[in-house]
Amino acid sequence: MLFDTHVHLNADQFDEDQEEVIKRAQEAGVKEMVVVGFDEKTIHRALALVERYDFIYAAVGWHPVDAIDMKDEHLVWLEELAGHPKVVALGEMGLDYHWDKSPKDVQKEVFRKQIALAKKVKLPIVIHNRDADRDIVDVLREEDAGQVGGIMHCFGGSVEIARECMEMNFYISLGGPVTFKNAKRPKLVAKEVPLDRLLIETDCPYLAPHPYRGKRNEPAYVKLVAEQIAELKEIPYEEVAKVTTANARKLFDIVR
Ligand SMILES: [Zn+2]
Ligand SMILES: [Zn+2]
């Protein structure tokens, strides 16, 4: 059994065949997943999905690329949603220095507000980080995010950064890039991070693993991520599947 901790089945890319994609995921052994909403439209669509499928859970937050669009009323809305029985985390949130739609100081402000909310409602957080390793770690530490912990989603940083995040109660989640031939850092992280601190994800429709690189990603492919981790750690695939699933269920507090 596999747990895909980060999917965007609520994205337009799945409008045509969402149902079949979910069926394929189940056939591949993906028994549970978390769909991530990060703005008004995708949050509404994430909530619709969790109403429809009992094995899909939601994370809701505000994406750093769109930080400039977040209003106070959105934060109030997120607080309301935190009480929804199937909302298991807040996010994705964080810092993205690749795109320059939202200035860095605005991104940090919106990030800090969401961490404060997570501490208030006692939910773990899902961190999006692009080209902002140092600032992410600094904000998490300054805001004492370790109180709630969470996930470093699609982690692409160094082993050192991974260690700092683990010290703050965060899990390291690996996705498609760990399967890329030239991806030295994620492979090293897969080897060095203990299995009881690892999670797996697809981040679909983005970042499809080898041999689907460049194509649309889907939850069934999370199996390829688990297989790659097993190979790198030289342990059975079943163990990776079992432990990463248990990690996810513990973090999201899923009992059923
Ligand atoms: Zn992300
Ligand atoms: Zn995402």
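The model is predicted, so local features need pLDDT of at least 70 and side-chain atom pairs count only at pLDDT 80 or more, while totals for chains, interfaces and linings use all residues. Residues are numbered from 1 along each chain as its sequence is written, chains are lettered from A and ligands numbered from 1 in the order in which they are written, and side-chain values use heavy atoms, with hydrogens and water left out.

The zinc ion (ligand 2) is held by H6 (NE2), H8 (NE2), E92 (OE) and D203 (OD) at 2.0 to 2.8 Å; donors are N, O and S atoms within 2.8 Å of the metal (3.2 Å for Na, K and Ca), and sites may look incomplete because water is not among the atoms. E92 also bridges to the zinc ion (ligand 1), 3.3 Å from ligand 2. H8 lies in the loop between strand 1 (2-7) and helix 1 (18-27), and D203 in the loop between strand 8 (198-200) and helix 8 (222-233), so this pair ties together parts 195 residues apart in sequence. Helices (H or I, at least four residues) and strands (E, at least two) are DSSP runs, numbered from the N terminus.

Strand 4 (residues 87-96) pairs in parallel with strand 5 (residues 125-130) over 5 bridges, pairing requiring at least two DSSP bridges. Within this pairing, D96 stands opposite R130.
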